[in-house]
Amino acid sequence: MEDDSLDIKDDHNHNYCASSSSSSSSSSKVRTYLRSQLSVVTTVPQPAGPPVPGGEPGTRRGKLWSGSTVGSKLMDSDSGSESSEVSETDCTAPPPAVEGNLTLDSNVTSKFLLNAMAVEDYRKNHWPNLEKAIDRLLIQNPTDHISVSYAQIYSYVYKCVCQQHSELLYNDLTLKITNHLEQVSTHLQARPPEDFIENFNVALTQYTASLQCIVPVFMYLNKFYIESKLNRDLREDLMNLFADHVAEIHVNTLMPLLIKAHSMPFQVQPSTMASVVKGLYSLRPDWAQLAPDLFSGFIPQINPPAVESLLPDYAAHDQKLQMELSMNGFPRGDQSRKRLQYLWDAAVCSEMGFLMFSSF
């Protein structure tokens with residue numbers, strides 16, 4: 001019994017070794033004893049859940065941990081290996097990634113929630129205040145003074161651009177102004193023809209004055225989105241909206257009225273005629289080809305440049321114009337009196353020159 005006794009020691013590396021006095025039979029008994037002790041299956045507790053498809057038991061955390069692997073390591077230590085420790089990764093390493101197991105990154109989720117909150121804040125706080133200010137600016141008359149906090153509007157636009165809502169703000173702005181211009185077009189269509197030129201001039205003047213207030217407060221939107229990404233200008237886009245939704249719809253009605261008013265002096269105020277014709281040319285320069293004679297009376301270089309071979313035709317055109325003016329009640333007056341006045345002025349000048357010369 002004394003020979004069969006086991007003297008098992010544990011070194012600082014937790015390697016189980018037999019005493020040097022044991023025989024080879026004792027070593028085999030130690031191995032048998034260790035196998036019997038480590039063959040017990042140890043289970044690491046884990047929360048209940050669906051089994052992982054394709055998983056192998058006894059490999060990672062949450063699975064059966066058999067002693068065969070550890071036993072082989074201990075056996076190696078008994079046969080003279082320098083290190084027989086069980087590595088920490090064998091016990092605490094996370095399970096390998098399994099295909100088909102989709103997980104959302106917490107950072108992506110938080111960014112999505114913050115973006116949703118920012119859009120909701122834009123819809124509830126920023127855009128309603130901007131919409132009210134735009135309404136007041138669009139319906140104001142050029143001579144009226146409306147109390148609007150431009151600094152507050154500028155601040156709202158700045159916050160929207162900084163929160164990456166430039167595209168949303170631009171779409172809302174253009175949609176708001178488009179709806180307003182459609183109402184203006186409907187109002188013009190209901191006006192009588194004799195007042196159409198005056199009403200069109202009022203609509204164009206009022207809209208242009210509104211843009212002088214709207215464009216500056218949307219400067220950040222224009223600089224960091226429209227100019228940099230769309231390669232356009234905010235004022236040009238808004239003027240194109242007026243051309244598309246108002247001027248282009250009524251140009252076929254407006255042009256004959258302008259030609260008729262131009263042929264009858266002072267039927268419409270000259271300032272109104274000049275404002276409407278210049279406004280149409282700024283919106284669509286091609287519209288000048290619809291009535292070249294009309295546009296050339298207010299805008300230079302509409303007609304082609306003069307040619308020397310056509311000088312007799314130009315003179316005939318001027319004579320025809322003078323005849324039309326005289327027939328419409330604009331007489332040239334007594335030309336003989338102009339000749340007498342010229343001779344008198346020449347005589348006075350010569351007499352004054354003689355007196356000045358004799359004084360020396």
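Author: How exposed is Lys124, and what does that tell us about where to begin? With a relative accessible area of 58%, Lys124 is exposed, and since this is a predicted model, what follows describes computed geometry.

Reader: Which residue does Lys124 pair with, and what is the general idea behind such a pair?

Author: Side chains of opposite charge can pair when their charged atoms come close. Here Lys124 forms a salt bridge with Glu120, and their closest N and O atoms are 2.8 Å apart. Both residues belong to helix α4 (residues 106-138), where a spacing of four residues puts about one helical turn between them. Glu120 is partly exposed, at 42% relative accessible area.

Reader: How many salt bridges does the structure hold, and where should I look for others?

Author: The structure holds six salt bridges. One of them joins the side chains of Asp237 and Arg232, at 3.1 Å from N to O; in this pair Asp237 counts as buried, with 11% relative accessibility, whereas Arg232 is partly exposed, with a relative accessible area of 36%. The side chains of Arg284 and Asp244 meet in another salt bridge, at 2.6 Å from N to O. Because Arg284 lies in the loop between α10 (270-283) and α11 (292-296) while Asp244 lies in helix α9 (residues 234-263), this pair ties together parts that are 40 residues apart in sequence. Both partners are partly exposed, Arg284 at 23% relative accessible area and Asp244 at 36%.

Reader: How do I read the packing of two helices, and at what angle do α6 and α9 pack?

Author: Two packed helices are described by the angle between their axes and the distance between the axes. For α6 and α9 the angle is about 25° and the axes are 9 Å apart, which means that α6 is roughly parallel to α9. The crossing of α6 past α9 is right-handed. Among the α6 residues in this contact are Tyr170, Leu173, Ile177 and Leu181, and the α9 side includes Leu238, Leu241, Phe242 and Ile249. By class, the residues of the contact of α6 with α9 divide into 11 nonpolar, six polar and two charged.

Reader: Where does α8 stand relative to α6, and at roughly what angle do their axes cross?

Author: The axes of helix α6 (residues 166-189) and helix α8 (residues 219-226) come within 10 Å and cross at roughly 120°, and the two helices are therefore oblique to each other. In this case α6 passes α8 in a left-handed crossing. From α6, Ser166, Glu167, Leu169, Tyr170 and Leu173 meet Leu221, Tyr225 and Ile226 of α8. The contact of α6 with α8 has six nonpolar residues, one polar and one charged.

Reader: To finish with burial, is Ala291 buried or exposed?

Author: Ala291 counts as buried because its relative accessibility is 7%, and the cut-off for that label is under 20%. Its place is in the loop between α10 and α11. When neighbours within four places in sequence are left aside, Ala291 is in contact with Met255 and Ile259. From C-alpha to C-alpha, Ala291 and Leu258 are 9.3 Å apart in space, although 33 residues apart in sequence.

Definitions and conventions: Residues are numbered from 1 along each chain as its sequence is written. This is a predicted model: local features need pLDDT of at least 70, side-chain atom pairs count only at pLDDT 80 or more; totals for chains, interfaces and linings use all residues. Side-chain values use heavy atoms; hydrogens and water are left out. A salt bridge is a side-chain nitrogen of Lys or Arg within 4 Å of a carboxyl oxygen of Asp or Glu. Buried means under 20% relative accessible area, exposed over 50%, partly exposed in between (1.4 Å probe, protein chains only). Axes are lines fitted to C-alpha atoms, for helices over the stretch in contact, and angles run from 0 to 180 degrees between N-to-C directions. Angles under 35 degrees count as roughly parallel, over 145 as roughly antiparallel, 65 to 115 as roughly perpendicular and the rest as oblique. A crossing is left-handed if the near helix is turned anticlockwise from the far one by less than a right angle, and right-handed if clockwise. Contact means heavy atoms within 4.5 Å. Ala, Val, Leu, Ile, Met, Phe, Trp, Tyr, Cys and Pro count as nonpolar, Asp, Glu, Lys and Arg as charged, and the others, Gly among them, as polar.
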